[in-house]
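Please open the structure in your viewer and keep the selection tool at hand. The tour below moves from one selection to the next and says what is found at each stop.

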Amino acid sequence: MSVGKLFALTALLCVILHVQLVLGTACGSQVYNQTTHSCCGDQVYSKDTEERCCNAALLYNYKNQSCCDGNVVLGGDRYGCCGNTSYNIERQSCCSGQVGKGGAGYLCCGLQPYRTYNHRCCDGEVSKGRSSVTRCCGNKGYKYTTHDCCMGNVVPGGKSYGCCGNQSYSYGTQICCGGQTMYRSNQTCCNNVIHPGGTNYRCCGDNQTYNVVTQTCCKGHIVAGGWGQYCCGNNQTYDWSTQDCCNGQIVRGGKDHFCCGNQTYNYNTHKCCNGHIGPSGAKKRWGCCGNHTYRYKSHGCCGAETKTLYSKREYTCCVGKLLSGGINHKCCGNESYNSVKRVCCEGQVKKGGSGRRCCGSKTYSYRNQTCCNGNVKLGGYEFRCCGNKTYNYKTASCCLGKVKPGGFPYHRCCGAKTYNYLTQVCCAGNVRSGGSYYHRCCGDKSYNTRTEGCCGTRRYNRTTHTCCGGKVKAGGSYHYCCGNRVYNHRSHFCCRTRTYNRTTSNCCSSKIRLGGTNYGCCGTKTYNVTSHTCCGRKILPGGRDYRCCGKQAYNSKTHTCCERTNVMTGGTNHRCCGNQTFNSLTHACCAGEIKPGGQYCCGSEPYNRSTHACCGGQVKLGGPYCCGLQPYNYSIQKCCSFKVVSGGANMYCCGAQSYNYTIQKCCQNQVMPGGDGHVCCGAEAFNRTSHLCCSYKVVSGGANHACCGNQTYNYTSQSCCQSQVKPGGSGHYCCGAESYDYKTHRCCGVKTYNFTTQSCCGRTEPYDSTTHGCCKAVLYDMTSQQCCSGQVQANTTSCP
């Protein structure tokens, strides 16, 4: 082939390729450009027109036609498909393949469309009623604010009603008992059976009722004794204010008393230890050791089984064993040590004391050394560890295992760097300028919290802009977000995602409606609240004084709504009694009947609380309160043990009598002279500034005095040892029945010794350490004896 022919053939191929690129793909016998046209069947159509392809075969105009199940039918952009037909989505609904009346706000109930605003679907049937207050009862709808569904039946009721079998009842005045309704005022329900007895009656066992004013139920038995009485066993009661029940027996006690075996004790002054009563002070500062009481501050209890009481100044308890050494002594395993001179490290006593601490099994001086990972390093009080190195925490910091300049209290770590938090801030590992109001980060930069905000990672001026949907938009002070828009809260409000002028419009059910000031919402409509009222989403005539009664509006100043549906005459101060109204200032509704004579009911009788009282279900002159079955005036009388006695201001009860607490005292239900500053000692009152109560007897002794048995002593100059007064006050302690000066002596068993010249052997025998020794609690004479492996032997031979 010649060069000319080859060139011509190449040119022809280039032309064909250029034409195919321009024209695109073939559609039947036509070639088209895919960027501007499409193929439907064998027809080419432009993408810029209103034509679309149905089932890849038929062309249709989407503005006035629709493609349903592969068929082109009349429709458009406001139509949808229901099987192979089209329907108007604004005026129709498609339910199970059938087109019916509907549109926006409609749902399907089986084959039938219904409007959700004022209808509800119940078991496939449409019931009329607003969806927000209508509920289903089987296949019927009912308004739950005025009716109830009881066993599939719609009955009158509402919010304060419940079901009792197939009928409704009022929570306020009735009770459901075994499927039957009863009135609270004169009946009681026990084990689903109705019994006589109302307000003051309770159940005892399965089928008995009792009057709580005069009786008490003790384990199913009704016994005499009402309010204020407690059960002791099955058939007796006691007054809790003056008595106690201990092991089934009634004993004297009451307030501030507990049981200890068959006795009572005052828990403010005594404590019960294993059935034994002992003296004690503040409850949290005293404990029990076996049968004895002791003060936590000065004594301890050693051994879970032996429970040995000991003085913390003399001994230390280690692993349940009592060891010599009190003050400053601590435990190191099963031995005691002087913490002033020694240190316990990993169970071993080391030389040291208060100035040394443990670093593993070693000791170190914490004043000039530091322990880092078990190694002792130079550096004292102001040094810390950074890995295996020490640093002065006041001048440096440890950041990511490295010592950096800048310490306590103003420096912090920002990654591997330090920064002064008073003037800087750490943002995403970078140190930025900070200080007053620049203490927060936005991305990797700081910002002024007084004037700026952070929107994502962008800073913005809060006085001129607002952050909405993660974007900064114009509008600062008084501006808020409504969706992605910004609005001025002083003049506009937000309704879902749209804004409206608050003076001319309202937002009703997420829709903007005309009507601003003095207008309210009634469903999706607005109404003037000064001239109309909204009842059941209907706008009715009537202004601010009008209320709703079912679907009616009524003037609350002249009428009253009864049973939620009936408007009755009688406005202010009127109440309902069934389907009637009455003046609550002069009448009362008792057991469903209107009766004159008072504002309150006592069973089925009305009474005036200013002149009468309801006691035990009976109206009695006096009051307005009850003391058992008797009325009394609390301003001039008292109710003491269910008896009315004279009283009033400054008066309290003491058993069955009253007393003036400013000048009298109640001791074991007896009134004694003495007011403020007096306390009880048994049945006697005493002035605690000049006397004490010792062993339940009043004895002289005021300031600086305490009890020692049944007598007092001055604890500044005397001591109490085994209930005997001994000379020696502050700094003196007891050793048996003797006192000793702790500055010079110690206690060894029941004997005292001078610790500067003597020691104690076996906690029982003092000895002179220059002439005698102690061999495992055995005293021996060092001039003729020796201690060999814990045994005393003659010193004529050496120890093996």
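Begin by selecting Lys-595 and Glu-605, which form a salt bridge (a side-chain nitrogen of Lys or Arg within 4 Å of a carboxyl oxygen of Asp or Glu) whose closest N and O atoms are 3.8 Å apart. This pair links distant parts of the chain, with Lys-595 in strand E84 (residues 593–596) and Glu-605 in strand E86 (residues 605–607), ten residues apart; strands here are DSSP runs of at least two residues, numbered from the N terminus.

The model is predicted, so local features need pLDDT of at least 70 and side-chain atom pairs count only at pLDDT 80 or more, while totals for chains, interfaces and linings use all residues. Residues are numbered from 1 along each chain as its sequence is written, and side-chain values use heavy atoms, with hydrogens and water left out.

Next, select Arg-432 and Asp-444, another salt bridge, with the closest N and O atoms 3.6 Å apart. Here Arg-432 belongs to strand E60 (residues 430–433), whereas Asp-444 sits in the loop between strand E61 (440–442) and strand E62 (445–447). A search of the whole structure finds seven salt bridges.

Finally, move to Asp-239, in strand E32 (residues 237–239).

Technical notes: Helices (H or I, at least four residues) and strands (E, at least two) are DSSP runs, numbered from the N terminus.
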